[in-house]
Amino acid sequence: MEEHSMEYGFVRVAAAIPSVRVADVKYNLEQIKLQIVEAESKGVQAVVFPELCITGYSCQDLFTQRLIIEESERAIEELLDFSRNKNIAIVVGIPVDTGKILLNCATVICNGRLDTLVPKTYLPNYGEFYEKRWFASAQDINEGEVISYAGLHIELTRKPILFQLNDGTRFGVEICEDVWAPAPPSNHLALAGADIIFNLSASDELIGKHNYLKSLLAQQSARTISAYVYSSCGFGESTQDVVYGGNALIYENGKLMAEAKRFSMEPQMMIADVDVEMLRAERRRNTTFVNAQRSEHTDKVFCLDINDAEAKDDVATLRYRDVDAHPFIPKTENMSNSCDEIFNIQVAGLAKRLIHTHSNTVVIGISGGLDSTLALLVCVKTFDKLGFNRKGIYGITMPGFGTTDRTYNNALALMRSLGVTIREINIAKAVTQHFEDIGHDPSVHDVAYENSQARERTQILMDLTNEVGGLVVGTGDLSELALGWATYNGDHMSMYGVNASIPKTLIQYLVRYVAESMKDSDGQTMGERSATEILLDIIDTPISPELIPADEHGQIKQKTEDLVGPYELHDFFLYYALRYGFTPKKIYMLASKAFAGMYDEPTIKKWLATFFRRFFSQQFKRSCLPDGPKVGSVSLSPRGDWRMPSDASSALWLSSIQD
């Protein structure tokens with residue numbers, strides 16, 4: 001374990017765009033200082049400035065002037081002194097004369113220290129950019145050569161260079177064109193261990209270039225599973241032939257975290273709290289990344305001393321990071337495409353199973369609740385895709401002791417509107433006989449009372465399937481599997497579970513999507529109720545297994561979320577526990593931010609304990625799940641995604657929640 005391990009794993013980074021005057025080194029230095037002070041005041045741990053920001057990128061042949069080179073070096077000496085007792089790593093761009101060649105470099109300054117220089121590798125020499133006219137590449141360096149710079153003796157290298165904050169976070173630096181190369185230095189830096197890549201840039205604006213740049217950075221961040229912090233020069237650079245729009249962009253594993261406003265005439269600073277722990281978790285589970293890094297290493301790691309505990313506490317507040325309360329719900333520009341893709345995965349899975357079993361018949365229990373509604377919609381879409389008659393879908397409604405008029409009527413209305421075969425089989429008589437057979441008092445509404453109904457329904461579905469041929473389509477979802485909220489060998493069992501990797505929050509979203517898409521369709525009415533109205537009422541119905549008799553008003557008495565907690569909380573816990581392996585303490589911190597104003601902290605902690613207690617105790621149900629298609633990045637299939645002992649202890653996790 002690293003000496004300075006990260007409690008939550010967040011690092012606050014910034015991409016700064018200062019005001020600049022071409023060749024006015026003193027002015028530029030003062031502007032950089034102002035933004036350093038601002039960044040440190042906001043708890044930033046590392047800030048990157050644009051390429052050659054000390055001089056201005058567009059100096060052209062002025063880079064051949066001895067005066068500007070010497071002034072740049074003096075500016076770095078002043079910046080070193082300025083940085084003392086400042087708890088922030090500063091990445092700035094400068095021209096450096098080695099005595100033989102001129103290099104376009106980045107310096108990493110922290111607390112009065114400058115250990116090395118990072119020279120640019122790939123120099124553009126086309127269009128408006130002729131850097132080879134003034135600068136040499138890192139590839140031209142004599143490896144191990146020592147130069148005197150800013151009063152220091154610095155060894156030059158063309159190898160990957162890593163910098164490490166004292167919390168264990170490692171970062172690397174590349175410059176502008178480097179990231180456009182077929183094999184960017186950031187590839188090697190990430191594989192050598194860099195969690196964050198800083199890019200000092202000077203990219204001009206052309207039609208279409210900005211979107212391409214964002215796509216490039218997003219892909220590079222995703223490919224290297226890193227945070228990518230990019231700063232490009234803006235207003236103040238020469239506009240003799242081109243314009244610099246000022247791009248400050250921060251990505252985390254391909255996701256845009258912060259973006260500056262282009263063409264601003266004022267200085268800008270974009271800040272984000274990036275999750276290094278999450279990035280490392282992603283790398284560990286990505287075997288391609290693990291295999292690729294085998295041959296990558298670096299001889300030197302420069303450690304930077306940042307000891308401001310107050311700033312670290314500020315990072316834990318995540319002022320510069322949004323935490324999505326519903327991480328399972330797709331966040332794309334075209335939501336209909338995302339929903340269609342989810343349905344297509346479910347449909348493709350079920351279609352393959354039907355073709356493989358030479359069946360054009362399915363049996364599915366329809367309760368009037370969300371899960372069976374989605375499963376029925378998947379069956380309908382699958383049959384339509386295969387050209388099968390919808391009458392081959394047997395929708396079985398099985399009212400029992402707790403069935404309410406609302407769910408019963410919705411189940412029937414939905415099936416009629418979709419044109420499937422409807423069978424109604426009341427289970428009350430059979431279950432009453434079963435109570436008599438096992439000697440159970442039906443007035444005692446205990447687990448035996450509830451589970452007898454669930455198993456009777458499953459028996460009916462299985463036996464009816466044998467009668468008509470085909471297979472039983474399961475309706476249980478990912479959230480219920482995580483909590484074990486299913487009757488073992490009851491609704492827990494089917495022949496193919498189309499909802500097995502879809503959480504409850506996403507099911508609500510998908511059903512609402514279908515309801516909205518049906519608004520303008522013809523022939524989707526049942527009496528005065530349209531399919532849309534039926535689906536929306538199903539969404540608004542309290543989630544319940546309806547195994548306990550209704551109240552005196554005929555309303556649902558047994559509400560699942562009153563018993564096990566809100567599904568939106570459990571889905572949040574599930575996502576971060578399984579996707580990244582976060583500790584309960586970190587999940588609690590994230591949930592407190594995501595659900596601020598919705599749930600108080602004691603409530604979140606209560607249901608978090610419930611989640612882990614049930615997640616561990618109910619693994620035995622997940623160890624024998626039926627087949628079902630994987631839809632998202634989180635799945636509990638025992639055949640690949642989640643393998644866990646059924647008798648593992650939850651003590652460590654529950655103890656952590658109470659600390």
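Two strands are said to pair if DSSP finds at least two bridges between them. Strands (E, at least two residues) and helices (H or I, at least four) are DSSP runs, numbered from the N terminus. The model shown is predicted: local features need pLDDT of at least 70, side-chain atom pairs count only at pLDDT 80 or more, and totals for chains, interfaces and linings use all residues. Residues are numbered from 1 along each chain as its sequence is written, and side-chain values use heavy atoms, with hydrogens and water left out.

View 1. Strand 22 pairs with strand 21 (residues 471-474) in the parallel sense over 2 bridges. In this pairing, Gly474 stands opposite Gly497 of strand 22.

**View 2. The covered strand 4.** In strand 4 (residues 102-110), 9 of 9 residues are buried, where buried means under 20% relative accessible area (1.4 Å probe, protein chains only). Leu102, Asn104, Ala106, Val108 and Cys110 point one way from the strand, while Leu103, Cys105, Thr107 and Ile109 point the other way. The residues of both groups are buried.

**View 3. Strand 4 and its antiparallel partners, strand 3 and strand 5.** Strand 3 (residues 89-97) is joined to strand 4 by 9 bridges, and Ile90 has Ile109 as its bridge partner. These two strands form a hairpin with 4 residues between them, and Gly99 in the turn has a positive phi of about 100 degrees. Strand 5 (residues 113-119) is joined to strand 4 by 5 bridges, with Cys105 opposite Pro119. The hairpin of strand 4 and strand 5 has 2 residues between the strands, and Asn111 in its turn has a positive phi of about 55 degrees.

**View 4. Ser137 in the loop between strand 7 and strand 8.** The loop lies between residues 129-130 of strand 7 and residues 146-149 of strand 8. Ser137 counts as buried because its relative accessibility is 8%. The side chain of Ser137 reaches the backbone nitrogen of Gln139 at 3.0 Å. Leaving aside residues up to four places away in sequence, Ser137 touches Leu103, Lys120, Thr121 and Leu123; contact here means heavy atoms within 4.5 Å.

**View 5. Gly168 in the loop between strand 10 and strand 11.** Strand 10 covers residues 162-165 and strand 11 covers residues 170-175. Gly168 is buried, as its relative accessible area is 2%. From Gly168 to Glu237 the distance is 36 Å, C-alpha to C-alpha, and the two are 69 residues apart in sequence.

**View 6. The whole protein, with 21 helices and 24 strands.** Along the principal axes, the C-alpha atoms fill a box of roughly 100 × 55 × 45 Å. Of the 659 residues, 57% are buried. Among contacts with a separation of 6 or more, 74% are between residues 24 or more positions apart. The protein exposes about 28000 Å², of which carbon and sulfur atoms supply 49%; the areas come from the Shrake-Rupley method with a 1.4 Å probe.

Technical notes
Buried < 20%, exposed > 50% of the residue type's maximum accessible area, 1.4 Å probe, protein only. Polar contact = N/O pair within 3.5 Å; in protein donor to acceptor, adjacent residues only side chain to side chain.
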